Structures are given as structure tokens and as C-alpha cells.
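These are my notebook entries on one structure. I looked up a few features and wrote down what I found.

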Amino acid sequence: MKKYFEKQRNLLDYALASLWRRKGKNISVFLVFSLVIFLLASFLFLSRSLQVAAQTTLRQTPEITVQRMVAGRQESMPLTYAERIRGIFGVRRVSPRVWGYHYNEVTGANITVMALAGDPELGREPLAEGAFWQQGEQGRAVIGQGVVKDLDLGGRRTFSFFRDDLTLKSFAVAGIFAPETNILTYDLVLLDIADGRDLFGLADDLATDLLVEVVNPLEIATVARKISERLPDTRVVTRPQIQGTYQAVFSWRSGVAAICLLSALSAFIILAWDKASGMSPEERREISILKILGWQTPDVLQVRFWEGFALSLLAFAAGAILAYVHVGYFQAALFRPVMMGWSVLRPGFDLVPIVQGGDLLLIFCLSVLPYLAATVVPAWRCAAVATDAAMGG
Amino acid sequence: MLIECENLVKTYRADAGIFTAVDRVNLAVNRGDFAVILGHSGSGKTTLLSLIGGLTRPDSGTVRIDGVDNWQQDDADLAIMRNRKIGFIFQFASLIPTLTVLENVLLPLSFASRPEGDRPYAMELLERVGLGGRQDDLPGRLSGGQQRRVAIARSFINRPEIILADEPTGDLDEATEKEILAIFHDFNKQGVTFLVVTHSRELAATQLNPRLFLMKNGTLSEMSSL
């Protein structure tokens, strides 16, 4: 057993020394390999990160949103609609919502203003400072991190928005959402519904739309259908529909990006295979000499394996770490426009790279294993032939 | 009998048809012999050496080393036999260009023990072939003759029972050739068996009581004297 390990150690020594001896060629391969892994890993980490962000968003999506449509456009909705919806069996709660945008001419930013009645779902999101207003308490707002920047609040904790008649409505900042909720709250100003109606000039018996919660989530589609039947002038959007739309867009984009990256990976593997299978006469002669000196075909293969493994593992680690930094620190600057381009209104948020064992294994299998095959198989073909190539004569 | 060949035949396909490189060769070399096979280029000497060293499989016939038929062994045992019993000196230097002189010499020891353990012996061999102090050089910095001497040092590193040498002094100047032959002589006196193929009658003449063979058109015959 001791002899076996000594032999393995010697083979490993030889393989690492061999890598170093051909450092020019191997550094080139390492750089290209790392780049391919970096691109692939960045894409996967970003995908996971967006998926998690999307799940967070969808978790807050109302089970059913009901909007009134007139001539194909959304119109304000009378609260009497809420009463008719409440009469449907299976509906747990109906909440009116007022929302719209405030355009900041100074910064060019659109701030989302949302006003809710009662106990809003968003009221469960953590705050970096302050507290939510009490029910019915007016003139107080909870705002996102991006709003603090857009309005250049600094240490100030009051701000004003213009009403449509250009009169000012002032708010006190009751609280600021925590940064980890940025995907939901970055550009959000959350108000009590009475303040929302006041700001947007909406009558007390109107809302922008209605949010419907059901008793049994499995009945969302049934309840939605009943609402549509009872209120034919409304558009009823369910959470699964939003999820489906999101998935379709995301999957299409990620699919396109994946095809591009897998093409790059395939090209690299083909190149590696081509290079490795066309072993140079020096490499063939080296294998021949080693065999004459008593090395066996498996020994030659082990050396080639260790060489390939060390090189590809280093490239894998370097590529994966760089990808993590790319997504986490540089916010996936290379891929973000591709993956997130559909949403120009998306508030800014910090990507947190999500590293899953399965993803790393996938990258490993797609890159390291083919590279190992591309290095070991040609060596096997060479090592399996007659050993007298180095004899001459 | 340390080396024993019976009815050894090896043919190759050539454009002109089948070429018989080794034709029904019988050879018996005793332990401690210094055997020299003389012959012109293309007479089949190198092929015979490859057959004896277990590098090439014969079409027919047997090769026995220390009583064991080479081709009755599997690849692993054959490799072990080559590694432990035989030191090869090729027609050309056959060094690995990316290894240093010392690493080349230590190469056959990759399996026996930690090569570093035999470093003093490798250094001694390099001294004996006149390359003391050049252990860290790469082969590319040595002349053809110096590279040949490194290969000779390498062939002795495993303390083999048999040296199979193909034109071992081909590139060497006269003085170095004498030094190398003296080394061969020393090892031969210690019991190492030599089987040397050459077209140089001078090499055969310098050894004390060599057994002489003549290879001609693939056939081998023993000579009583030069």
C-alpha cells in the first residue's frame, strides 16, 4: 500500500512538474478555460439570483388583482365592485389599492407610489429605520432606499409631491425599507390609501384596483373565473398567470444566453480535443520513452489525468470565484442587460450571487470532464501503441 | 541463461512487400556476458534489441529473460521487467527535453522509491560519465555526445541486470568513447550483462573477451573472433 501511494505521489509530482515545464501552453489553456467557466458560472449565478429575487417579488404579488377596463384601458374602480366580489364564496378579503407614478423632473426618475388600506402585505417587509404608520394615520410614508437617493433626502425626513393641480402634499418619513428588500421597495413610496387618493385626486369611493385574497390558494383560478363572470368589465390577473408570464420571458432569455454560452464551451472543448488529439511528435516521443523506461499505459494515463485535472480544477476554481465576484461585486455587469433588459422600470437592487451545489456540479460536468476526456483519450491512444517509437534505427 | 531467443521472427509491411527484419534468430546470453552484435545499418540489429527488451512483439518465436517468456506476461509485468531488469541505451539520446539532466537520470525510479533517495547515486553516475556539475541543465544546453552520456547514466540508475545498448558510442568523441567503454567494463565486471549492437568493430575490439555476433539480412550468427 505504501508503495502504491509513493507511486501515486511520484506520478502527481511528475504531472505537476510537466505542467510547469510547459507553462506557456498551459497558461494559455488556463486563461481560456477560466474565461469559459467564468462566463458560464456568471450566467448560472445570475440566473439563480434573479430566480430568487423573482420568487421574493412573486411572494408579494396579490393572489388576484382586479382592474376595471374601459375601452381597453384601465380605469379607476368603484368600491362597490369590492362588495360584489366579497359575495363570492371562497374570497377571504378584498382590499382597495391606489397606485401611480410620481415623475421626478430633477433626476428623471419615476417613483412608484402605492397606497394601501388596512394591513398591507408590504407592511411585513423589514425596515432599516423607523416604523410603519398606524392604520388611518395620514401624512406619513415608508420609502425605499432609492427614493432617499432620488429625493436627495440626506438627513431630512420630510418631502413633498405635487398634486395634479400643482399644490404640494407633504409627507413625513415614517420609515425606510431595508436594503435587502430593494427588489420590491427600491423606488417605492408606501402611503395610507387616504393619502394616495389625496395625492392622485381620486374620489373616496374609487381605487386603482382591488386585491383579492382567497381562502384556499388552490381555488385561485376558480375564484378568478367567478369574478370575471360577475364583473365582465374587469380584467382579472392571478398570481400563477404572472408567474407564468415571468417564467416564459425569463426562460426565453436565459435559454438564448445559455445556448450562446454552451456554444462557446463546445467550441473550447472541440479546440481542446483537436489540440490534445494532435499530440506533438515530442509528446509522443516522451510517452514512448516513459514506456521503455518501465512506465505502463495506466501510468501515462494517470499523469495525463493529473495534468488535466490540476489544470481544469484550477481554471474551474478561478472561473467560479471570478464569476461570484462578477455577480456579487460588479452586479453581473456583462449579463445584466441581457437578462434584465425587458424591465426598464425595474428598480435597482443588489444581486446576491446564489451558489448551488447542483450548478457547480453542472459546470464541472460540462467543462472539467470533457477537458479530462480530451486530454486522457489521445494519450491513451498514443500510449497503447508500440513502445519502440523512441528506439530509432 | 539470462537472455534466450528461439526462432525469433519479425516482419514489417513495406511498399515493396513483406520485409523480414529478424529471421529465425536464436540467441543465448549468459549472466555476466558482454555480447556485441555487429552488422550494417538495416541488418535488423535494433529490431532484435526491441524484441529482446519487450518493446516489440515478435511474429513468432520466444524471448526469455531470466527464464520468463516476455510475451507470456501481461503489459504490467512486462513494464516491471523492463523497469527493474533492463537498462536501455538508445541509438539517439532519447532524453525528455523539459526535464533537467538529473531528472532525466532519475526518471526510471519513479515507482521504486522516492527518487530523491537515489539522488547521490545519480550524481555519482553523472560524475562517472563526465557530467558532474551539469545536473541542473536542460538537455537542450548539452551537446549530442553529452546527451548520450546522460542517457547512459540513466540506464544504470536502476542497477539493472542487463544493459541493452544500441550504438552506445555513436556520437561520442574518441576520449569520451573510451571513458564510456571503461564504465561498461566496470559494470560488466560487477556482473551486469551487456548486449550491445553496433556497426563499429572498434567497440567490440576494446572489450575483454566479448562474445561476438554478426547480424546480416535479419539472420544472426556467432563469430569466434573479429
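**Ground rules.** I am working on a predicted model, where local features need pLDDT of at least 70, side-chain atom pairs count only at pLDDT 80 or more, and totals for chains, interfaces and linings use all residues. Residues are numbered from 1 along each chain as its sequence is written, chains are lettered from A and ligands numbered from 1 in the order in which they are written, and side-chain values use heavy atoms, without hydrogens and water.

**Entry 1: salt bridges in chain A.** I started with A:Glu213 and A:Arg93. They form a salt bridge, with the closest N and O atoms 2.9 Å apart. A:Glu213 sits in strand S12 (residues 209–214) of chain A and A:Arg93 in strand S4 (residues 91–104) of chain A, so the pair ties together parts 120 residues apart in sequence.

Is A:Glu213 buried or exposed? A:Glu213 is buried, at 13% relative accessible area. A:Arg93 is partly exposed, at 30%. My cut-offs were under 20% relative accessible area for buried, over 50% for exposed, and partly exposed in between (1.4 Å probe, protein chains only).

**Entry 2: salt bridges in chain B.** Next I took B:Arg31 and B:Asp66. Their closest N and O atoms are 3.0 Å apart, and they form a salt bridge. This pair links distant parts of the chain, 35 residues apart. B:Arg31 is in the loop between strand S2 (17–29) and strand S3 (34–38) of chain B. B:Asp66 is in the loop between strand S4 (60–65) and strand S5 (68–69) of chain B. B:Arg31 is partly exposed at 49% relative accessible area, and B:Asp66 is partly exposed at 32%.

I also checked B:Asp137 with B:Arg141. This salt bridge has its closest N and O atoms 3.9 Å apart. B:Asp137 counts as buried at 14% relative accessibility, whereas B:Arg141 counts as exposed at 64%.

Salt bridges with shared partners join A:Arg163, A:Lys169, A:Asp195 and A:Asp198.

**Entry 3: a sheet in chain B.** What is the strand order of the open six-stranded sheet in chain B? I read S6-S7-S8-S3-S9-S10, with mixed pairing. Two strands pair if DSSP finds at least two bridges between them. Strand S6 (86–89) and strand S10 (219–223) of chain B are the edges, each pairing on one side only. The twist averages 20° from one strand to the next. Helix H2 (residues 75–85) of chain B packs on the sheet and touches S6 and strand S7 (162–166) of chain B. Its direction makes about 80° with that of S6(B). Axes here are lines fitted to C-alpha atoms, for helices over the stretch in contact, and angles run from 0 to 180 degrees between N-to-C directions. Contact means heavy atoms within 4.5 Å.

I then looked at strand S9 (residues 211–216) of chain B. Five bridges join it to S10(B), and the two run antiparallel. B:Leu212 stands opposite B:Met223 in S10(B).

**Entry 4: a buried serine.** A:Ser367 is found in helix H12 (residues 357–383) of chain A. A:Ser367 is buried, at 1% relative accessible area. What does A:Ser367 contact, leaving aside its neighbours within four places in sequence? I listed A:Phe33, A:Ile37, A:Leu265 and A:Phe316.

**Entry 5: positive phi.** Phi of A:Leu166 is near 70°, a positive value in a residue other than glycine. A:Leu166 lies in the loop between strand S8 (158–162) and strand S9 (168–177) of chain A, and counts as exposed at 63% relative accessibility. B:Arg159 also has a positive phi, near 50°. B:Arg159 is in the loop between helix H5 (144–156) and S7 of chain B.

Technical notes: Helices (H or I, at least four residues) and strands (E, at least two) are DSSP runs, numbered from the N terminus. A salt bridge is a side-chain nitrogen of Lys or Arg within 4 Å of a carboxyl oxygen of Asp or Glu.
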